[in-house]
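Biologist: I would like to learn how to read a helix and its surroundings, and then pockets. Show me the model.

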Amino acid sequence: MKREGIIFIISAPSGAGKTSLCKEVIDICQGVRHSVSYTTRQARPGEVHGRDYYFVSSEKFRSMADSGEFAEWAEVHGNLYGTAISTLEEYRNNNVDVILDIDCQGAHQLKQRFAGGVFIFILPPSFHELRRRLDRRNSDTEAVIERRILNAGAEIRESRWYDYIIVNDDFKQALNELKSVILAERCRTARVLESISKKFDI
């Protein structure tokens, strides 16, 4: 049955495991893709341009923003991040479900712009565990970690307006919950009714 691709918007404070969950659920859920965002931050070890992010200069990013090329964009922890409109339209028109791994600012913009988006917030089990994960990641300075912890409180308060909240205490369980949300949303009446109405005279 053909239907419009679903946009899954997933947010979390840094260190909650959002990126790992997104990568894993794409591997186990057929027909789900990752939306590659643009960013001005430096690539971390192992990240690849065009696969993880499009790493661009601040000048290039600002030019795209001024031209209205982004569906959403925001400054997060001193770096710019944005999702191209063309990327989302291509997936939606080709009946492909897409995951956006973005911050709360970007999610707010998409809430206003795209009807039918599914908003999911990933929580850590505690602030103590969040700090432990950030320390273990060993990719940020102590100053950056402190800033991420400080911002986490405000980000977590935003979770109340999301459609779903998943606590990533046990990774396997959190992954199963995320997969369940995706599968359930694909079966939502509003998404499939048009495609089945002629077959069953509904």
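Biologist: What covers the buried residues of α3?

Modeller: The cover includes strands β1 (7-11), β2 (32-34), β5 (70-76), β6 (79-84) and β7 (97-101), plus helix α4 (104-113). Cover is by contact (heavy atoms within 4.5 Å). Helices (H or I, at least four residues) and strands (E, at least two) are DSSP runs, numbered from the N terminus. The model is predicted: local features need pLDDT of at least 70, side-chain atom pairs 80 or more, while totals for chains, interfaces and linings use all residues. Residues are numbered from 1 along each chain, and side-chain values use heavy atoms, without hydrogens or water.

Biologist: Which residues of α3 are buried, and which are exposed?

Modeller: Buried means under 20% relative accessible area, exposed over 50%, partly exposed in between (1.4 Å probe, protein chains only). In α3 (residues 85-93), I85, T87, L88, Y91 and R92 are buried. They share one side of α3, because their arc around the axis is only 165 degrees, taken from the directions to the C-beta atoms. S86, E90 and N93 are exposed on the other side.

Biologist: How is empty space found, and what lines the largest pocket?

Modeller: A pocket is an open set of 1 Å grid points where a 1.4 Å probe fits, with protein on both sides within 12 Å along at least five of seven lines; lining residues have an atom within 4 Å of a point. Here 40 residues line the largest pocket, with K18, T19, R44, D101 and R137 nearest its centre. Helix α1 gives the most, seven residues.
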